[in-house]
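Try each task yourself before reading the solution under it.

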Amino acid sequence: MIETTSIATGIDVADLQALTAVAQYREYPAGAVVFHESTPRDWFGIVLRGRIEMVTGLTGHETELGTVRAGGMISEMTLLDGGTHMATARTAGGAVILIVTREAIEELSAHEPERYHRIVARVAQLVAARLQSVSSRLAEAALAQHAVGGIRREHDSLGEREIPAEAYYGVQTLRAIENFQISGIKLRKFGHLVNALAYVKKAAALANYELGALDVEKAEAITLACDEILTGKLHGDFVVDMVQGGAGTSTNMNANEVIANRGLELMGHGKGQYQFLHPNDDVNCSQSTNDVYPTAVKLGVYLSLNDAAEAMAELQKALQAKAAEFSDVLKMGRTQLQDAVPMTLGQEFGAYGVMVGEAIAHLRRISEDLLVTNMGATAIGTGITSPPGYAELCAAKLADVTGLPIRSADNLVEATQDSGDFVAVSATMKRAAVQLSKICNDLRLLSMGPRAGLAEINLPAMQPGSSIMPGKVNPVIPEVVSQVCFQLIGYDMTVTMAAEASQLELNMAEPIMAYDLLMGTLMLRNAAVTLTNRCITGITANRERCQELVNNSIGLVTALVPALGYEVAAAIAKEALKTGGSVYDLVLERGVLTKAALDELLSPEKMTAPRARTL
C-alpha cells in the first residue's frame, strides 16, 4: 500500500516508509466519523482499506468535497501546520487507516530534517494543485450562474406567477418564500431533512410504480432526481423557511417542485412543463403533506440524533481516558459545595463518563420510535387517494432505500395526529443537556482560580479572557456548552406545547417541532465535539493542590474514623477548626497514628473504597 501511495502522491517510497515506521493501525466501523471539522489536527494517515468521505458544513447543510480511497492520504495538512480540520471525514463502509501522530512527525522533523522537508514540500504541491482544481470548478460554476437568466411562468389555484428560469422550485414554493419570512433558517440548512424528503419521495415513487399508479418513465425520473439530492445536489433550491404555517405543506411542495423540475430535465423537457411530470399528480402521487412531512421529519431527526450520539460517544471516550489518567490523584469530594470525604479525580471523571454513556443509551433507544411511519395515511389516516396495499409497500420501500428498519404504524389515524414521539425525543435530549451542563458546571468549579479558587484541574487556555484584565483566561468552552444546554431545555418546552396543540386529526405545529429538534440535535452534536476536542482532552490535574486540600480538609477526619474511632476523630476535627491547623499534622502531633500508618490510610486505594474496620 505504501507503494500505491508513493505512485499517487509522488512521495518517495523510502520517505513514506520512514514516516510510517512508527505508525499505528486504526480500524473504523461503517459510518464512523474519523475526525470532525474545526477540531485540531493531530495525526496524518494513509487509507489502507475502505474509503473516506470528506464533507464540510457544521451547520447542518453538508457539501460533499470528495472521497479518499485506499492508498490515499488523509489529514496530510498535519505535516504542514497545527491548525484545525477544514472538513469532516467519515467512513462509508468501514476503513483501516495507518496513523502517524503529530509527535512522530515532530520526531522525524527533529532527527531527519531533510527527509521531512522533502515530504512537506511534496504535500504542499499536492495541496496547491487541489486548491487550483477547486478554484477552477468554482469559476466554472460562477460563470454558469451568470449565464442563466430570464423567467418562466407557472400557475396554481391562486393565479400565475413569474419564477426565475434557473430555479428548480416552483410557484407554490415562491408563495411560501413570500409568506414565511420568519426565522431566516431555510430547509437547506438541515441536510438530513432534505435527504429524508428525497428518501420519502423515492420510496413513494417505487411503491406507486409497483402498484401501477405511475408509469416507468415518470417513476425513473423521480427516483433519479431523488438520488441526485441524496448525493448533495439541488439542496440550494430547498428555500422555504423552516417555520411555516400549513403543517408542512410548503416543505412538501418545495420538495415536489424541485424533484419534478429536475425530473423533467432528465426526461428531456424544460422546467415547468408539468404536463409531462407534475409536482402534485406524479411526485406527490398517493401522498399528502400529512404523511410525507412527519415521516421526513422523523427520519431527519433520527439521522441527526445518530450524529449527536456518535459525537457524545467520542466525549465519553475522552472522559474515560481522563478517568484512567487521574486514577491516582487523591482529592476532596464535596456535597452541597462543602468538604465531604476523599475520592480520586479519576472517580470524578469516571462518573462524568457514565453520565454521558447513559445519555447516549437513552438517545439511541428513543430514536428507534422515530422509525415508525404513517406513510399511506394521506390526509387523515384513512388512506384516501392511495391504492390498496400502498401504506405497507411504501414503508417497505422506505426501509429498502434507507437501510433502516422502518415499519408502518399500527394505526395511521393515530400516527397522523399524535406527536408524542417528538415529545419523547425532545425530553430525552433535555435529559442529555442537563447532564452535560452539570459536567460543565463542575469543570468550571474545579478549575476556578487559578490562585483564589479550587484550582484542582487546569482547563486548556483557548483565548484571552478579558479586554481589561491582563492574564485572565476564562473557561469559554464549558460556558458555551452550558448555553447550548439551556437552549435545548427551552426547545423542549416549545416541542411540548406544540405537540399539545394537535387538534382533531392533525397537528398544525409540526414545523416548529421540526426546527427545534433538528437545531437541537445539531447544536448537541457540535457542543459535544467542541467540549471533547477543545476542553476535555487538554485537561491536566494540579496534583499538589489536590493533595494540599485533602490534607487540610476537615473531611479527612471521616476517612480516619474506622482507625481512630468517632470521639478521637471528632476532637481532632474540633481542634483543626479552632486553630486552622492541618488534620494530617494534628494526627501526627497527637501520636494516634504513625506517619507510615497515616500515609497508608490516605492512599487512594484505601481512601476511595469500602474497607474493613480495624478492631
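The exercises below concern a predicted model, and each is followed by a worked solution.

**Exercise 1. Find how the chain is divided into domains, and work out how much area domain 2 and domain 3 bury between them.**

Solution. Start with the division of the chain: domain 1 covers 1-144, domain 2 covers 151-281, domain 3 covers 292-543 and domain 4 covers 554-608. Next, take the centres of domain 2 and domain 3 over C-alpha atoms; they are separated by 31 Å. Then list the contacts: 25 residues of domain 2 touch 31 residues of domain 3. The size of an interface is often given as the accessible area lost when the parts come together. For domain 2 and domain 3 the buried area is about 2400 Å², with 81% of it on carbon and sulfur atoms.

**Exercise 2. Which residue forms a salt bridge with Lys 397, and in which helices do the two partners sit?**

Solution. First look across the interface of domain 2 and domain 3, where the rule finds one salt bridge. Now turn to Lys 397: its partner is Glu 210, and the closest N and O atoms are 2.9 Å apart. This is within the 4 Å cut-off for a salt bridge.

**Exercise 3. Decide whether helices H18 and H20 are roughly parallel or roughly antiparallel, and say which residues make their contact.**

Solution. H18 contributes Leu 556, Val 557, Leu 560 and Leu 564 to the contact, while H20 contributes Val 583, Tyr 584 and Val 587. Sorted by type, the residues of this contact are seven nonpolar, no polar and no charged.

**Exercise 4. Where are Pro 450 and Ser 286 placed, and what do their backbone angles show?**

Solution. Recall that most residues other than glycine have a negative phi, and most peptide bonds are trans. Pro 450 lies in the loop between helix H14 (420-447) and strand E13 (457-458), and the peptide bond from Gly 449 to Pro 450 is cis, with omega near 5 degrees. Ser 286 is in the loop between helix H9 (279-283) and helix H10 (289-325); although not a glycine, Ser 286 has a positive phi of about 65 degrees.

Methods. Residues numbered from 1 in each chain as written. Predicted model: local features only at pLDDT ≥ 70, side-chain atom pairs only at ≥ 80, totals over all residues. Heavy atoms only, no water. Contact = heavy atoms within 4.5 Å. Helix = DSSP H or I, 4+ residues; strand = E, 2+ residues; numbered from the N terminus. Nonpolar A, V, L, I, M, F, W, Y, C, P; charged D, E, K, R; others polar. Domains from an automatic or database assignment. Buried area = accessible area lost by both parts, 1.4 Å probe. Salt bridge = Lys/Arg side-chain N within 4 Å of Asp/Glu carboxyl O.
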